[in-house]
Amino acid sequence: MHLTRRGFLAFLGATAAMSQPAPASAWVSKAPTNPFGCLVDVTRCIGCRKCEMACNQVNHLPEPKTRFDDPCVLNTKRRPTNTAYTVVNSYSTGKLDTQSKPVPSFVKIQCMHCQDPACVSACITGALSKLENGTVHYDVSRCIGCRYCMVACPFEIPAYDYHDPLTPQVRKCTFCLDRLKEGKPPGCASICPTEAITFGRRDTLLEVARKRLAESPGRYVDHIYGEHEAGGTSWLYIAGQPFDRLGFLDVPNSPLPQRTESIQHALFGYLWSPAVLFGVLGLSMKLGNRPDKGGKEKV
Amino acid sequence: MHTQARPIGRPFWTPGVLVMIGFMAAGGLALLSRYTGGLGFATNLTDATPWGLWIGIDVASGVALAAGGFTTAALAHIFGRHAYEAVTRPALLTAALGYTFVAFGVFVDIGRSWAIWKPMLYQNYNSALFEVAMCVMTYVTVLWIEMVPIVAERFGSRFRLLGWLDRTLGKFMWVFIILGVVLSCMHQSSLGTLLVIAPTKLDPLWYTPFMPLLFLLSAISVGYPMVIVETTIATTSLKLDGEMEVLTPLSRFTILTLGLYLAVKIADLVMRGQLGRAFAGSPASLSFLVELFIGGVVPWFMLLSSKVRRSRRALFVVASCIVGGVLLNRINVFVVGFSPRTAAHPYSPAIGEILVTLGAAATIMFLYRVFVSLTPVLSARNMEEVSR
């Protein structure tokens, strides 16, 4: 009787130990050292939506209901969808131009191509991966459609083919991977008429961004969105207004996979805890399974 | 007092069973709409809220509420409390059916159902979901292996292969019993790890790095209350003795397990400085308070009274509250508290999602009835014998 009670407590103790979050120090970033990226200068964007058009063509997406040169779509705040991997939104700056017309800010959004992406860490089959060239790549042949990547993404970017009953895909910016492999910048960066999108190595882009912030401090707020957000992203932004007023989400600076991966590996590395638990339970079974003394359980 | 477990010879086609079949048919139609129109047609899921009722109830709650299986197995088979053998078989059956329908829920929810086998080929060891999937898959197998002796007891002599399987597996049954407990501890906690990766989306009332521990502790504490609820319903519906001489002592363990869960949950909330948020009056905070008090604190205090533990009706109410509390916790974490900032409107389930979930629950109850009618699962005496 005493042994079994002790056994029960040991069982509780062992299981509790199994689920303790471990210190995050053991976690190592898997980010590529100097990936490609894009620097978006929000102050340069004129909201022409040519980037949306280029994206549509390169990725062979269906033709949109409203033409790309129709500015009326800017009246509503849009999110990337399964048929539009990048969208431009308009935000009021409160400033007026020489003819007393309000001057808007235009913000292009798409997958940020995180350095340590939450979606890649979450993906059950590894259908999502971070490539050396910076792309967060989606391999549909591995995807089962669990949508955990969408749950995990802190920028709330991936979209889904909800109306395809059997072969839906997760949809997001591809970084025009095929073009990247040919040494060409992504479609949106190539077409941008105002050079609001600069393509290059992430380190170089950070230097360019810092230089612009230093040279015209009045034009920019002192923040490079994506330098530290979510542990750093391949896409970077500089802007003339605080980022929270431009629809950017406030995202923690630590890489999102850090905590979960630390827990997973501390608990289940080499399957040590299941093995220990199996041993403890096996021992309890041997000790506890003696013939019952026939005593009734307390009520 | 128990007799041997035996098939229960009550009339099968009762009004209750017909109602279940009605729900199953409606669920089947909803399922058809999901596989013709897609998830977008049958559900209210969006890009911002990609998980809904099916993950919150069919999967997450299903796993938690099937915890009666491993907790009773641990008690009776591993820690040698043979007095509880009487409830291990029904708890095992519930777990086997419950987990089978967890797998079914996943199958329906994932966009590419036909690709459900792929995690076996392509593994991502960083993914908590991968671990949950592997454990659930293995555990379903283990549960049905544990069911073999029960089915073989009735049909083993008629089907030679079944008898042989029973004798062969019987030698290793202790391995499967322990494995069942180990696998349960692993994936019950890992279900809690799932949303640790989404700190910006889950309400701070529930978001804590201790979610894995809380999920495990709550699963352990809901195990026996679930056994009490299902035993009481089954014995009432089948006109059997209520087995209070097993359920009453069983409920005493819940004082310890539920007490531990609630202590960790409240301490975590206080240490994270989110206690005030619970009383903010928002819909999420109300849902949290119902979960914590009606589903936890109040039934815990009631369990302290031996009068409550001895009363069949009171114990049923208390156990139902605890079951409801853990169910609500899973719904809160995966649905109510999951509030991405880009969601145009909060998610609420579509009629198709509700029908599939109800259909699955009805199918579980229907199959439970089939199994207890055909195989020796229940050992409670018939009411007529008790009164005699």
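So, pLDDT is the predictor's confidence in each residue, from 0 to 100. I start there since this is a predicted model: local features need pLDDT of at least 70, side-chain atom pairs count only at pLDDT 80 or more, and totals for chains, interfaces and linings use all residues. On naming, residues are numbered from 1 along each chain as its sequence is written, while chains are lettered from A and ligands numbered from 1 in the order in which they are written.

Okay, confidence. In chain B, the lowest confidence sits in helix H16 (residues 383-387), at a mean of 77, and the highest in helix H14 (residues 312-336), at 98. When I say helix or strand, I mean DSSP runs, numbered from the N terminus: helices are H or I with at least four residues, strands are E with at least two. Chain B has a mean pLDDT of 95, with 99% of its residues at 70 or more. For chain A the mean is 90, and 88% of the residues reach 70 or more. The model as a whole scores ipTM 0.94 and pTM 0.93.

One stretch to flag: over residues 20-24 of chain A, pLDDT stays under 50, and the model has 10 contacts there beyond four places in sequence. A contact, by the way, is two residues whose C-beta atoms, placed from the backbone, lie within 7 Å. Where pLDDT is low, the predicted coordinates should not be read in detail.

Now chain B. It has 16 helices and 0 strands. Its radius of gyration is 21 Å, close to the 21 Å that the globule rule gives for 388 residues, so chain B is as compact as a globular protein of that length. That radius is taken over C-alpha atoms, and the rule is 2.2 Å times the number of residues to the power 0.38. Along the principal axes, the C-alpha atoms of chain B fill a box of roughly 60 × 50 × 40 Å. Of the 388 residues of chain B, 54% count as buried. Buried means 20 or more other C-beta atoms within 10 Å of the residue's own, exposed means 12 or fewer, and partly exposed is in between, with C-beta atoms placed from the backbone. And among contacts in chain B between residues at least 6 apart in sequence, 81% join residues at least 24 apart.

How do the chains meet? The contact takes 62 residues from chain B and 64 residues from chain A. On the chain B side, helix H9 (residues 173-193) gives the most, with 8 residues. By class, that side has 37 nonpolar, 16 polar and 9 charged residues. Here Ala, Val, Leu, Ile, Met, Phe, Trp, Tyr, Cys and Pro count as nonpolar, Asp, Glu, Lys and Arg as charged, and the others, Gly among them, as polar.

Next, the core. The largest nonpolar core has 197 residues, and those with the most contacts inside it are Cys119(A), Cys149(A), Ala152(A) and Leu129(B). The largest share, 15 residues, comes from helix H10 (residues 211-237) of chain B. Such a core is a set of buried Ala, Val, Leu, Ile, Met, Phe, Trp, Tyr and Cys residues joined through C-beta atoms within 7 Å. Leaving out residues up to four places away in sequence, Cys149(A) touches Cys119(A), Ala122(A), Cys123(A), Leu128(A), Pro158(A) and Val170(A).

Over to the strands of chain A. Strand S1 (residues 36-41) pairs with S9(A) in the parallel sense over 4 bridges; pairing takes at least two bridges found by DSSP. Leu39(A) stands opposite Leu236(A) in S9(A). In S9(A), Trp235(A) and Tyr237(A) point one way, Leu236(A) and Ile238(A) the other, and all are buried.

Why is Pro242(A) called exposed? Because Pro242(A) has 10 other C-beta atoms within 10 Å. Its C-alpha is 8.3 Å from that of His223(A), 19 residues apart in sequence.

Last stop, the loop between H8 and helix H9 (272-288) of chain A, where Tyr270(A) sits. Tyr270(A) has a positive phi of about 55° although it is not a glycine. Leu271(A), in that loop too, has a positive phi near 50°. Tyr270(A) is exposed, with 8 other C-beta atoms within 10 Å, and Leu271(A) is exposed with 12.
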